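Here is a short tour to follow with the model open beside you. Keep the sequence at hand as you read.

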Amino acid sequence: MNPQIVDITPPTTNLETGQEEKPGTNHASIGIDEQKGETTAYRQDVFGDEEFAEVKYKVLKWWQCGLLMVAETISLGILSLPAAVAGLGLIPATVILISLGLLASYTGYVIGQFKWKYPYISSMADAGEVLMGRFGREVLFVGQMLFLVFLMASHLLTFTVAMNTLTSHATCSIVFGIVGLIISLLISLPRTLEKMSWLSLASFISIFSAVLITMIAIAIQNTGSVVKATAETNLVTGFTSALNIALSYASHNTFFNMIAELKEPKDFPKALTLLQCIDISLYLIAAVVIYRYAGDDVASPALGSASPLMSKVAYGIALPTIIIAGVINGHIACKSIYTRIFAGTNHMHKRDFIAIGSWIGIALGLWVIAWIISAAIPVFSSLLSLMTALFASWFSFGLPGAFWLYLNKGQWFSSPKKILLTIVNTICICIGIIMCKFFMREYRYSLLDFNNKGTLTARGFLEIVMTTVNMTFVVYREPLLLVE
């Protein structure tokens, strides 16, 4: 029997827990703040009814979702955090790392609440449609696709850099880029995140081992340095370091896509807890330990503070996470286009020629575009920073704040709890605005450092390179290095 899209009785969802309640449930015990707006006009999600489907998407377990989120969030960019600690001092950096990690946990939870209220949401584009209609859907669809394709390109570039480092430039960088493209394409071919989740475990083991080796190598190589509780810094340096820490948690753009394939969407908080416990702990330990031994002169990435041999070892062990983290973003980019084309049709759940051929064609097209962007565009690093300024801050902080305000409109000041949460979510929106404006400003002034005649100076060109590398490295959790 073919999968069918059917209309069913709208579920009632408690936004605090994600639990569905049967019609007629007594809500006397539920607070007035939670009663209002708990139900919405029902609409089927893009995967439809999968009871008799040949290919089933909504089979992801919470721990598999958590590992996917870890693999997508944590990569070699973690090794840039010690430089952020050096720029702020040990105590301020530790406070900011923990505080922003908790805030990112909260904004992730709000995304889960929004999905519970509107079960048909499967991407940021769907959420944009709820907020701003068709216009919001198209804006966030384009934004998410640009963000994901540039992420794919950054991982291809990082793979090329890693191979050049490991082989001492044994062949042309274009060859390594094509090898990375082929590997990434082949690994992207499974159509469900459940199949991809097993790769995420290898990715986590890979990055954990690489970080551990780097910490041990730097600790052995250096006898230690003077640890500064606070650093003497200027506003720009300190602010940049704090924002780089914030952006190391910026992976929320794929959360809706992952929740959509959970077997039990109410289990998303478990997956989120797994992610945040791992990334906060790993970020904190790696940043503090490496800073403790490398000191204020720690390189960014920290591999620059290790010996050439240990850098090669770390790069070699990190190869799986370099590939897999990019592949997860590539898979979600492919799924976004695939579902937009085939949602509501039998091809969504078939293994026929059209379904499989279309999936392979979409994946091939996206990976080729990503490779061209990474290899052929001279200002790739600048464009990467621009994508970061435009989208990363909003997807992880600004939009979740807007989601909560939308969910609770009319109730913002109905109780002390609501007042507190209104303030918190307004702060999230402000953080998104500040991060976006700051990085756009740095991008613009570094790109156009005019002298009195309005020409681009040598100092301006140097600042373009330094700013884009510094901004891009943490945001995309990959070391952006020059490829010879």
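## The chain as a whole

Of the 484 residues in the protein chain, 54% are buried. Keep in mind that this is a predicted model. The chain contains 15 helices and 2 strands. If you take the contacts between residues at least 6 apart in sequence, 83% of them join residues at least 24 apart.

## The nonpolar core

The largest nonpolar core has 127 residues, and the members that touch the most others are Met69, Ile78, Phe114 and Phe403. Helix 5, covering residues 124-167, gives the most to this core, with 19 residues. As general background, nonpolar side chains tend to be buried together in soluble globular proteins.

Setting aside neighbours within four places in sequence, Phe114 is in contact with Ile121, Ala127, Val130, Leu131, Phe256, Phe403, Tyr406 and Leu407.

## An aromatic cluster

Phe114 also belongs to an aromatic cluster, together with Tyr118, Tyr120, Phe256, Phe403 and Tyr406. The structure holds 16 aromatic pairs. One of them joins Phe114 and Tyr118: the ring centres are 5.2 Å apart and the planes meet at 55°, so this pair counts as tilted. Tyr118 and Tyr120 have ring centres 6.2 Å apart with planes at 70°, so their pair is edge-to-face; the cut-off for that label is over 60 degrees.

Are these residues buried or exposed? Phe114 and Tyr118 are both buried. For Tyr118 the relative accessible area is 8%. Tyr120 has a relative accessible area of 11% and is buried because that value is under the 20% cut-off.

Helix 7 runs over residues 193-221. Its 29 residues reach 41 Å from the first C-alpha to the last, close to the 42 Å expected at 1.5 Å a residue. Along the way, helix 7 bends by about 25° at Leu199.

Helix 11 covers residues 308-342. Its 35 residues should span 51 Å at 1.5 Å a residue, and the end C-alpha atoms are 49 Å apart, which agrees. Look for a kink of about 45° at Ala318 in helix 11, shortly before the proline Pro320.

## Lys335, a buried lysine

Helix 11 also carries Lys335. How accessible is this lysine, buried or exposed? Lys335 has a relative accessible area of 5%, which is under the 20% cut-off, so this lysine is buried.

What surrounds Lys335? Beyond its neighbours within four places in sequence, Lys335 is in contact with Phe47, Tyr57, Arg191, Thr192, Leu193, Glu261 and Trp359. With Arg191 there is a polar approach to inspect: a polar atom of the Lys335 side chain lies 3.1 Å from the backbone oxygen of Arg191.

## The loop after helix 11

Follow the chain past the end of helix 11 and you come to Gly344, which takes a positive phi of about 85°. Gly344 sits in the loop between helix 11 and helix 12, the latter covering 353-376. With a relative accessible area of 49%, Gly344 is partly exposed.

Note on methods. Residues numbered from 1 in each chain as written. Predicted model: local features only at pLDDT ≥ 70, side-chain atom pairs only at ≥ 80, totals over all residues. Heavy atoms only, no water. Helix = DSSP H or I, 4+ residues; strand = E, 2+ residues; numbered from the N terminus. Buried < 20%, exposed > 50% of the residue type's maximum accessible area, 1.4 Å probe, protein only. Polar contact = N/O pair within 3.5 Å; in protein donor to acceptor, adjacent residues only side chain to side chain. Contact = heavy atoms within 4.5 Å. Expected span 1.5 Å × (residues − 1). Bend = angle between axes of the 7 residues up to and from the residue. Core = buried A, V, L, I, M, F, W, Y, C linked by side-chain atoms within 4.5 Å. Phe/Tyr/Trp six-rings, centres within 6.5 Å; stacked < 30°, edge-to-face > 60°.
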